[in-house]
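Hi,

Here is the structure you are taking over. My notes on it follow below.

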Amino acid sequence: MRVIIEIDSEAASRRAAKFVADLVRKKPDCVLGLATGSTPLATYRELIRLHREEALDFSQITTFNLDEYVGLSSIHPQSYRQFMQINLFDHININPDLTNVPDGRALDFEAHCRQYEQRIKDAGGIDLQILGIGSDGHIAFNEPGSSLGSRTRLKSLTSETIRDNARFFGGEDKVPRLAVTMGVGTILESRRCILLAFGAHKAMAVKETVEGPVTAQVTASALQLHREVIGVFDEAAARLLVRRDYYADVEKAQTLVESGHFPSPSPSSAPSLKP
Ligand code: PGA
């Protein structure tokens, strides 16, 4: 995993938005995997700014969200569909027909999950997946113990996740107990993932994800098996990582490679630094 540590969450979010914007410019009809929660908010704000001030064009992109609460309709204020409308979609020139969020009120969840997976395949797969991480180490709603090969399906939320998300609902008792979520296996098929984590309350999850063993008890640790994951953390979330100096050295080398200053006999043979 490539690890980028920024001074604060604003700088980290700008960095994440730049990865997204670079892809959208290079491949205007790319497929983005999107996340909800407080973590990606500043990244979305930066993408909106890039759309307004630098004409970043989203008209051809397709999006797939990671998850949705079961029981909430798409117009429920706490639904993830509403979250995406309010925090991103309503402010950019995205084609609404190309935005996909699982349906929390599907009549047949098994069929709906199968169709969601099929829609991702039909769109050509996800080029870039944005991920947050739960304090229990989950990605999407793949709670501890989830199969690392799992596909889109229903999951029960842990009491830790219910507690973490109670702030959005005005009390733990109002948080839905079930969600539809992409599986760990679904996420691992994305071509590239950007994992975001900010704040000291994420430090242990980040440590276990990046430097711990791969285990279903910390589903984000499965990202170690992926060929192209970029972890973008703020100082607080990265504070328990023991190999911070090495990650910083890799970033310095990466900057040299990108600027063509890598000390190589021929610039064209400069290696690209894959994690
Ligand atoms: P948060 O949630 O961004 O609100 O911290 C992350 C998650 O639970 O995946």
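The side chain of Lys202 has an N or O atom 2.7 Å from an oxygen atom of the ligand. Such a polar contact is a pair of N or O atoms within 3.5 Å. Thr39 has a side-chain N or O atom 2.5 Å from a ligand oxygen. For His138, a polar side-chain atom lies 2.7 Å from an oxygen atom of the ligand. Taken alone, the ligand exposes 280 Å², and the protein buries 85% of that (Shrake-Rupley method, 1.4 Å probe).

This is a predicted model: local features need pLDDT of at least 70, side-chain atom pairs count only at pLDDT 80 or more, and totals for chains, interfaces and linings use all residues. Numbering starts from 1 along each chain as its sequence is written, and side-chain values use heavy atoms, without hydrogens and water.

Which residues are around the ligand? They are Gly37, Ser38, Thr39, Gly132, Ile133, Gly134, His138, Arg167 and Lys202 (a heavy atom within 4 Å). This shell divides into one nonpolar, six polar and two charged residues, with Gly counted as polar and Lys and Arg as charged.

Now the overall build. The protein has eight helices and 10 strands (DSSP runs of at least four residues for H or I, at least two for E). The C-alpha atoms fill a box of roughly 60 × 40 × 30 Å along the principal axes.

Best wishes

Technical notes. A polar contact is a pair of N or O atoms within 3.5 Å; within protein, one must be able to donate a hydrogen and the other to accept it, and residues adjacent in sequence count only if both atoms are side-chain atoms.
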